[in-house]
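Biologist: Hi! Could you walk me through the aromatic rings and then the chain contact in this one?
Modeller: Happy to, let me bring it up.
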Amino acid sequence: MASVCFYFQVHQPTRLRHYTVFDSQHDYFDDHKNAAICKKVANKCYLPANRLLLKLIKKYKGKFKISYSITGTLLEQFEQFAPEVLSTFHALAQTGCVEFLGETYYHSLSFLYSREEFLEQVKMHSDMMNSLFGLKPRVFRNTELIYNNDLAAFIESTDQFDAIISEGADRILGYRSPNFVYTPQGCNRLKLLLKNYSLSDDIAFRFSNQQWEQWPLTADKFVRWLNRVNGNGYVVNLFMDYETFGEHQWENTGIFDFLNHLPEYTLQHPDNDFKTPSEVIDAYDSVGTIDVPHLISWADTERDLTAWIGNPMQSSALHEIYRLEKKIKSSKDKKLISDWRKLQTSDHFYYMCTKYFDDGDVHKYFNPYDSPYDSYINYMNVLDNLKKRHKKLHENTACLA
Amino acid sequence: MKIFMLGWEFPPFISGGLGTACYGLTKAISQLGTEVVFVLPKMIDHQDSTHVKLLSPSSLSHSFTYHQVEEIKNVKIKTIDSPLQPYLTPQQYSKKIEEIIHKKRFFTGEVSYNDVNKDNAHYSGDMFTEVRRYAVVAAELATKEDFDIIHAHDWMTYPAAMAVASITGKPLVVHIHSTEFDRSGEHVNQPIYDIERKGFHAAEKVIAVSYFTRNTVTSRYSIDGDKVEVVHNGIDRSLNSDSNVNWALKHTGIEKEEKIVLFLGRITMQKGPEYFLRAAKKVLDVYDNVKFVMAGSGDLMHQSVEMAVNLGIGSKVLFTGFLRGDDVQRIYKMADLFVMPSVSEPFGIVPLEALNNDVPVIISKQSGVSEVLTHVLKVDFWDVDEIANKVVAVLKYPSLKISLQNHGNFEASKLTWKNSATKCVEIYKQLLCGAYC
């Protein structure tokens, strides 16, 4: 049996506007740019992909299934700038063939810096999924698939999730295959699903690469590779950014045609099916434990955290934002807390990455800055103003008391 | 292969990047095994000629001498006695000649103009005439040399290079380090522009120090883009900072814990001193613990001093005058940040030197060097708010400074003169191949 398990990451950060040391306003975010990007990606990706997938789900009458993880920062932007995207997600949710995963509302790195903040953001996200789609997430994915044993144990201890998702990195799997269900080291109940990065990246990264010897990739060719899993595994986890469809791979590469024909060819093989992550863990037992003492992620070839916390600017910015947690929360000022949280989105730190900067490469996707240094300066200026705001609030309340 | 190179005096006896570039490039070309006859203007009574070994001055004609610089093999240096210096305007040149005559008078007592004139018979009081005279002497010199290619640096040497080319028929390469538009904005000196234009048209290849300059050459001088190659400058790491150099803070008025933001270069319109000062004013509005040092001299020096006073930041800005040698190293040691707000900078070697000395840099986007540096802060020269914003950030956030230092230093280390020389030699080969193959 080979089950195909799709999970699409749907995320955009709330980008900051140009903010200098001379600015003192509290409007940190670039509504204009965020709206423009949100609408552009909605038209190129979210809307056409949602419509196509909805069509496919209806066509295959319950046999084609997918899952999403949508961040709070993007959902807020949909509400503001592209409400029609929300209604298509709503329609997808009602088919019963779509699962929504849990994650931190702000696509943050909070697990690494504050467990308390992490839990609050996970709960915020679950609540939002419940209220928007009437579905409470059972499976958790951490920002950028950042993962280790501690995260799995912590997630299990919350009693909110039955499984967790991560990268099927070679160095954690060794000779083993990502095409099985595992148990994280130190967990009893929680199951672990690992991304089949080879097959996932064939779609997400290599699809339009004409230098690739397998180009052009057609649905029937891809399904032939899927079929080889029959007999050597239960599940093929195809995890990727949703923007793969129409944005990373433009429509003229044939990516939507590929997606359109994938269920047809997949279901031709009698042993194949589509499952959501929850169905996968209900259907298959764990075949062993996976030990991940060190942090991994799905980024770059290193699959490590250096894209977010690899240089002194990134660590200083991260330490600074989380150092403010107690103060900001004690203010009980909703706007202040929400601004502080939006500043935790991992993208802000990704923009500060100096790795590969001279090569000018993948890290450029909708990066609003010319250089990592510019992004750090902008971020720190905003943070500085946030601190001043808190101080002022604090002084005012002290006066009133 | 042998190159007849018309260039400028080597460091430390130079007033800007042109000498540094000539030295770095010539040394690297010679290290690639290409022979160079290097011809430069130099006044005979120059007192600072200790770095070159005078081999046999008397054996040669009165108007040029023969030197050998010890550290560069394959290079024969020939100096032509002339007061020409790069970056001089015709007015400055005339003033300088007057000063020379005045000095002679001072040393020799009352002399008639005729006596002086006899003594300096070969100097012309007019810069353009001197440039032409230089061309005649250079052409005479060229007839005594054997070479394959002529390579000339900036407009003052172009008439000489064209003369040599027409006499010998050898292919001509002109190198452009700075155009009249960079130096004078839109108020170009027409005769200089004409000489530059003639040089570009006469040459078989034009080498521009950046795409920025290549663009000026093609759009302002109507030169076919195919003819213009870009060879970025480099940096000579062997001239690295001497760790024993200690800066004494005495007499500077700078407190030990005070930060230092540095401007280093000629204080002229081209270098944007005005924007440096306006940004300084903005910085001081929000950050007090800092001094701004302007190292260099130039025609806007007095204006800049006045401007600092008028902005009310006179006590926060220090003017050091022109620095050379160890003093440059000292100022780099002190500096927390180097700012180059150039209005129009064909290349800009100074940021590379600053990075080489572990000083982070802010450079104007209107510079050639910004094409080859990524680990620096870039600004539009006119965007004073943004310059100030970035200055404050570097002073305030140590992790920003450290990242810029480490990555910037490493990036600068990859920009070697060997790369530039290799590209030049390729251009030579193509030209020779075109001529003989």
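Modeller: One definition to start: rings of Phe, Tyr and Trp (its six-membered ring) count as a pair if their centres lie within 6.5 Å. Also, this is a predicted model.
Biologist: Thanks! How many aromatic pairs are there over all chains?
Modeller: The structure holds 46 of them over all chains. In one, A:Phe8 and A:Tyr68 are tilted, 5.8 Å centre to centre with 50 degrees between the planes.
Biologist: Where in the chain do A:Phe8 and A:Tyr68 sit?
Modeller: A:Phe8 is in strand β1 (residues 2-10) of chain A and A:Tyr68 in strand β2 (residues 66-70), so the pair links distant parts of the chain, 60 residues apart.
Biologist: Is A:Phe8 buried or exposed? And what about A:Tyr68?
Modeller: A:Phe8 is buried, at 0% relative accessible area. A:Tyr68 is also buried, with 0%. Both belong to one aromatic cluster, whose members include A:Tyr46, A:Phe133 and A:Phe274.
Biologist: Nice. Which ring does the charged end of A:Arg115 sit over?
Modeller: That of A:Phe154, 5.2 Å from its centre. A:Lys342 lies over the face of A:Phe29, at 5.4 Å from the ring centre.
Biologist: New topic: how much area do chain A and chain B bury between them?
Modeller: About 1800 Å², 63% of it on carbon and sulfur atoms. A:Phe22, A:Tyr373 and A:Ile377 supply 36% of the area that chain A buries against chain B, more than any other three residues.
Biologist: And how many salt bridges are there between chain A and chain B?
Modeller: Two. One salt bridge joins the side chains of B:Lys390 and A:Asp374, at 3.2 Å from N to O.

How values were computed: Residues are numbered from 1 along each chain as its sequence is written. Chains are lettered from A and ligands numbered from 1 in the order in which they are written. This is a predicted model: local features need pLDDT of at least 70, side-chain atom pairs count only at pLDDT 80 or more; totals for chains, interfaces and linings use all residues. Side-chain values use heavy atoms; hydrogens and water are left out. Rings of Phe, Tyr and Trp (its six-membered ring) pair if their centres lie within 6.5 Å; planes under 30 degrees apart count as stacked, over 60 as edge-to-face and the rest as tilted. Helices (H or I, at least four residues) and strands (E, at least two) are DSSP runs, numbered from the N terminus. Buried means under 20% relative accessible area, exposed over 50%, partly exposed in between (1.4 Å probe, protein chains only). A charge sits over a ring if NZ of Lys or CZ of Arg is within 6 Å of the ring centre and within 35 degrees of the ring normal. Buried area is the accessible area (1.4 Å probe) that two parts lose on being put together, summed over both. A salt bridge is a side-chain nitrogen of Lys or Arg within 4 Å of a carboxyl oxygen of Asp or Glu.
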